[in-house]
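Biologist: I'm new to this structure. Please take one part, look at it closely, and then show me how the rest is built around it.

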Amino acid sequence: MKIAISSDNHLDVNRQDPDEIVSLQANYLNKQNVEYYLFAGDMFNDFQWLLCPVCGSKTRDRIKANTEMKNFPLYCPKCKKETIIAAVLCPKR
Ligand SMILES: [Zn+2]
């Protein structure tokens with residue numbers, strides 16, 4: 001089983017295009033046959049919409065600083081796929 005983890009991307013602070021970066025990441029994870037993707041938080045500094053690990057689109061779910069998710073069925077309204085995720089946000093430094 002392959003598991004991938006990422007955190008602290010801070011795309012807004014790092015002045016990266018979220019659509020481009022998330023698409024690149026989703027393609028990479030799919031090519032690597034990753035079965036579980038743990039997004040540990042801080043994709044952005046100010047908001048934390050959960051992004052679909054399959055297509056990279058914004059889902060309808062958000063995560064707050066004190067949210068802990070485990071075995072959460074994240075549904076993507078764009079690609080219509082459900083992915084079981086676990087997610088927590090890392091504390092701001
Ligand atoms: Zn999707």
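Modeller: Let's start at Asn-33, which sits in the loop between H1 and E2. Those labels are for helices (H or I, at least four residues) and strands (E, at least two), which are DSSP runs numbered from the N terminus. Residue numbers begin at 1 on each chain and follow the sequence as written. Keep in mind that the model is predicted, so local features need pLDDT of at least 70 and side-chain atom pairs count only at pLDDT 80 or more, while totals for chains, interfaces and linings use all residues.

Most residues other than glycine have a negative phi. Asn-33 is also exposed, because 8 other C-beta atoms lie within 10 Å. The cut-offs go like this: 20 or more other C-beta atoms within 10 Å of a residue's own make it buried, 12 or fewer make it exposed, and in between it is partly exposed, with C-beta atoms placed from the backbone.

Asn-33 follows H1, so let's step back into that helix. H1 has 14 residues and should span 20 Å at 1.5 Å a residue; its end C-alpha atoms are 20 Å apart, which agrees. (The expected span is 1.5 Å times one less than the number of residues.)

Within H1 you'll find Val-22, which counts as buried because it has 21 C-beta neighbours inside 10 Å. Leaving out residues up to four places away in sequence, Val-22 touches Leu-51 and Gly-56; a contact here means C-beta atoms, placed from the backbone, within 7 Å.

Val-22 belongs to the largest nonpolar core, a group of 12 residues that also includes Tyr-37, Phe-39, Leu-74 and Ile-85. H1 (18-31), E2 (36-39), E3 (49-51) and E6 (82-88) each give that core at least two residues. By definition, such a core is a set of buried Ala, Val, Leu, Ile, Met, Phe, Trp, Tyr and Cys residues joined through C-beta atoms within 7 Å. In soluble globular proteins, nonpolar side chains tend to be buried together. Leu-74, for its part, contacts Leu-50 and Ile-85, among others beyond four places in sequence.

Now for E5 and E6, which pair in the antiparallel sense over 6 bridges; pairing takes at least two DSSP bridges between two strands. Tyr-75 has Glu-82 in E6 as its bridge partner. The two strands form a hairpin with 6 residues between them, and Lys-80 in the turn has a positive phi of about 65°. Asn-71, in E5 (residues 68-75), has a positive phi as well, about 55°, and is not a glycine. Asn-71 counts as exposed because it has 7 C-beta neighbours inside 10 Å.

Zooming out, the protein has 1 helix and 6 strands, running β-α-β-β-β-β-β along the sequence. Buried residues make up 18% of the 93 residues. Of the contacts with a separation of 6 or more, 59% join residues 24 or more positions apart. The C-alpha trace spans about 30 × 25 × 25 Å along its principal axes.

Terms used
Two residues are in contact if their C-beta atoms, placed from the backbone, lie within 7 Å.
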